Every structure is written in structure tokens, then in C-alpha cells.
Amino acid sequence: MSIKIQFLGAAQNVTGSRYLLQTDRTHLLVDCGLYQERRLQNRNWQPFDVPPESLNAVLVSHAHIDHCGLLPKLVKDGYKGPVYLTAATAEIARISLADAGKIQEEDAAFKKTRHEREGRKTQYPEIPLYTAEDARAVFPLFKTVAYNREITISPDIIATFHNAGHVFGSASIELKITENNHQKVIAFSGDLGNWDRPILKNPDLINQADYIVIESTYGDRTHEDINEALLKLADIINQTVKLGGNVVIPSFALERTQDLLFFLNRLISESKIPRLKVFVDSPMAISITKIFKEHPELYDRETTGWVKNGSSPFEFEGLHFTNKAADSEAILAEKDSCIIIAGSGMCTGGRIKRHLASNISRPESTILFVGFQATGTLGRLITDGVKEVRILGQYYPVHARIEELRAFSAHADQPTLLRWLKGFKNRPEQVFVTHGEPKSNQMLINAITDTFGWETIAPAYQDECQLD
């Protein structure tokens, strides 16, 4: 029995999730994500480590771009096999991938014009990594799967998708590999969510695995209490309104935006913040919010209760969804204080850049980060405290108030990651810690070793491990 895993992304870094699993009969990828850290983006352009046409299957944990955003390039380069994912992930990925292709095209055109004006040359030509049309070529390959049902991937591999509680449709993936009456089980956590958070059900536990691949985005910390974070959110909004500024929130279109709407709705209904305009300035977030409304079967008990009572956490007085570019531009002319939620969550592209440019030099405004900021992204530069940032080719001094609320993260913290691991009733042969920066990797390794005594490592980029 020969099983080999190679770590082609999210290995001692956060984005670019991609794991190559090889048996004597099957080659497959778990996730096919885009690198978003500036220093690693060149990897997106490199040829795949195996010929795409040699792969039998791709399994996708969820629709965040750092987990599925390289699928269009994989298909463009020759992959024609199935892409397994949950129904909600498929619906969201159709939106997020097409949007990513459009952004690639727009960014390439913008950079080409700017570089020609500045007389600059870059390492790569100013062409899109892939286009919106390339993204749409992926969709016919989607094969949707239900939670907790075994599906045959190949003669020697059976997969089960379990609810990961991270974002709508997200999954942990369990693979059972059988050869000559011998079986090995590999569990991929995907990105894990937190217990007792709004909208989504809690993560499922897996009770047995020989090998575990677990994320560690927040493996080095414990999130603050969500109720304390809500009080802090209200305080940030109230202070900013008092000063006459705007609250600008870079937010991921998937899950984070919907969570924010849930919490803002609650704060407004409890009169803890004033009734002011709230703009969701993200066509993708607007489309994804519609998908949320169409899948009440994925809601937790509290959100189900809202719906049964005839209300929605995604609708309240003062909420404006700005789909058109003209409506987005009009926000910049708003005279009264408002809350602006826009993508992308790490400020790597999208409409958030215009709102940052308009507000980051205003001392009365607040830039509020509610999600992880990968090293090298514009969001990380701002949260690290730089005094000046380059946005859309121009430099802006940072005078706005910069705040972070990590309790709203859709990623599990260290205690929650350990809680998920406690679901395994056996001692695994090996635990692989991925999807985190080196400090987070090591802190989670230490916690796993101290708590369980399991052999645990953080593989490096392109490391191969024999699992038999």
C-alpha cells in the first residue's frame, strides 16, 4: 500500500491551500487555492507540480479564493476531471471564481496602463492569470455532494464531506483509502469555524483517522469573547459617528459580510448604535447573501428562529446593497457618517481600495479589520502600523483610526482547534499543521503535543510524506 501526500500550498503560510494525494491508482488534489501573500504570488504563475490532465479528481473544502481560486488555471492547463464540493460551495464558487477572473482582467489592464505611464517593467507580463471566461469553464466539472454521505472518488478512495462550520457550505474532508484489504483514513480539517456563532451550525467531529491535516490560522491565540467584541464594535461605531467620520470595514464577501449584517442588525435593534446608513459595496457579497437566504437548512437554531418569526438577519432599515459601479461611486459623496462594508477582506483588490483611499487619511474615520490579514497584503501593512500606504498607484498618509476585532473571525482559535481534535478517539500516526504562519504553526504544534502527545509537524512548501 503506497500513499503519498505533497504540500503544495498553505505550508508554513496561510493562503494557496493545495494538497496532492497519490496512491498507486489515484492522483487527486484537496483544494486548489490562490496565493494571496504578495511575496508568494509568483507561485500562482508557476506550472503545476503534476500535469493537470494526470489528476483523477479535485476535492474543494469551501469557496474562499485561497482554497479554490486556482481552479480556472488548472482547467485552462488541461484538467478535465470532476471537482467535488458541497452544493452551497458550488453556488458560491460560481460567483467568487467569475469575480476573481474579472478582477484579474481589470487589475492586469490597470497595471499595464500605469506601468506604461511610469515606464516600469515587472517580472510577469501585465496579463490576467485567468479570465472570467476561464473561470466559467470550471463550472461544468462541479459534482455536488451532501454532508456525511460517502462518495466513491476512485476504486481505492471513498470521501466524506463533514460540516466545518467555517463558512456557508464549508467542509472537512475524510478520505478512506483501501488497498489489498488494508485501509488508511486521512482527515483534512479544511478551515474550521467556531462553536456557538451566528448563522451556521457547529463543526462536525470526525472520530477516527490515521493522519490529520489541520489548519492553524489562529493556532497561536484565543479569540476574545464575542459579547465583549460586540460592545467594542458598538463603541467604535459610536465614537466614529461622534467625530463625523465613516467606519470602513474590509470584509470577505463570504460569511464575514453576512455575520456583520447579523451583528449590526442586533446592535441597531437593541439601540446600542444609531440608525445610520450601512452600505454593502460588493456585488459578490450581495449575490452570496442571496444564496444564504436560499439555504435555510444550513442555519443554526438562532438564525432559524429569526426566519420562522418572519424576519431576516440580512435585512434592516438603513441597509443599502450597492451593486452598480455608479452607486458605489456615490458612497464617496455621502456627507453623513456611515458604515461601509466592501471587499476584498485583505484589501488586495475590489471596491474597498476606493473607500480606503477616501478615508484612510481622515482622522475622524475608522478602518476596522474583522478578519485575518496575510503577510504582505495591504490589509496586513495597515494593521502592522505603517505610516503611509500605496493605494491604486498613489500614496496616502495613514491618519484614520485603525482597529481590529478578531473575535468575528470565521477561523477557529487554538482552544477550538483542540476541541475539534478531541473528537478523534484514536491516536493518529501523524498530524500535519498547515494553513498558518510559522509562529501559529509552532504554537499549535506545542499545544497538540502537550494536550495529546501526538507526533505533529508543520511541513514546508513542496514537502512530500509517505503515509503507508
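Which residues is serine 216 in contact with, leaving aside its neighbours within four places in sequence? I shall answer that in a moment, after a word on the model.

This is a predicted model, in which local features need pLDDT of at least 70 and side-chain atom pairs count only at pLDDT 80 or more, while totals for chains, interfaces and linings use all residues. Residues are numbered from 1 along each chain as its sequence is written, and side-chain values use heavy atoms, with hydrogens and water left out.

Now to the opening question. Contact means heavy atoms within 4.5 Å. By that rule, and with neighbours within four places in sequence set aside, serine 216 meets Leu417, Val433, Thr434, His435, Gly436, Ser440, Asn441 and Leu444. Serine 216 is located in the loop between β11 (211-215) and α5 (226-243). Helices (H or I, at least four residues) and strands (E, at least two) are DSSP runs, numbered from the N terminus. Serine 216 counts as buried because its relative accessibility is 0%; buried means under 20% relative accessible area, exposed over 50%, and partly exposed in between, with a 1.4 Å probe and protein chains only.

Let us turn to the interior. A nonpolar core is a set of buried Ala, Val, Leu, Ile, Met, Phe, Trp, Tyr and Cys residues joined through side-chain atoms within 4.5 Å. In soluble globular proteins, nonpolar side chains tend to be buried together. Here the largest nonpolar core has 108 residues, and Leu21, Leu59, Leu71, Phe168 and Leu175 touch the most other members. Leucine 175, with neighbours within four places again left aside, has contacts that include Leu21, Leu59, Ile157, Val185 and Phe188. There is also a second, separate core of 22 residues, and among its members are Leu192, Ile206, Ala412 and Val433.

Next, the aromatic rings. A pair of aromatic rings is described by the distance of the centres and the angle of the planes. Rings of Phe, Tyr and Trp (its six-membered ring) pair if their centres lie within 6.5 Å; planes under 30 degrees apart count as stacked, over 60 as edge-to-face and the rest as tilted. How many aromatic pairs does a search of the whole structure find? The search finds 12. In one of them, tyrosine 19 and phenylalanine 188 are tilted, at 5.6 Å centre to centre with 35 degrees between the planes. This pair links distant parts of the chain, as tyrosine 19 belongs to strand β2 (residues 18-23) and phenylalanine 188 to strand β10 (residues 182-188), 169 residues apart. Tyrosine 19 is buried, at 5% relative accessible area, and phenylalanine 188 is buried, at 3%. Phenylalanine 452 and tryptophan 454 form a stacked pair, 4.3 Å centre to centre and 20 degrees between the planes. Tryptophan 454 has a relative accessible area of 7% and is therefore buried.

Ring pairs also join Phe7, Tyr19, Phe188 and Phe432 into a cluster. Phenylalanine 432 is part of strand β20 (residues 430-434) and, at 3% relative accessibility, is buried. Beyond four places in sequence, its contacts include Phe7, Tyr211, Val213, Ile457 and Cys465.

A charge and a ring also meet in this model. A charge sits over a ring if NZ of Lys or CZ of Arg is within 6 Å of the ring centre and within 35 degrees of the ring normal. The charged end of arginine 43 sits over the ring of tyrosine 461, 3.6 Å from the centre of that ring.

I now come to the helices. The expected span of a helix is 1.5 Å times one less than its number of residues. Helix α3 (residues 87-118) has 32 residues and should therefore span 46 Å, which agrees with the 46 Å between its end C-alpha atoms. Helix α3 has a kink of about 30 degrees centred on alanine 93; the bend at a residue is the angle between axes fitted to the seven residues ending there and the seven starting there. Helix α10 (residues 352-359) is mostly covered, with six of its eight residues buried.

Finally, the backbone. Where is the cis peptide bond? It joins glycine 343 and serine 344, with omega about 10 degrees. Isoleucine 199, although not a glycine, has a positive phi of about 75 degrees; isoleucine 199 lies in the loop between β10 and β11 and is buried, at 0% relative accessibility. Glutamine 462 likewise has a positive phi, near 70 degrees, but glutamine 462 is partly exposed, with a relative accessible area of 35%.
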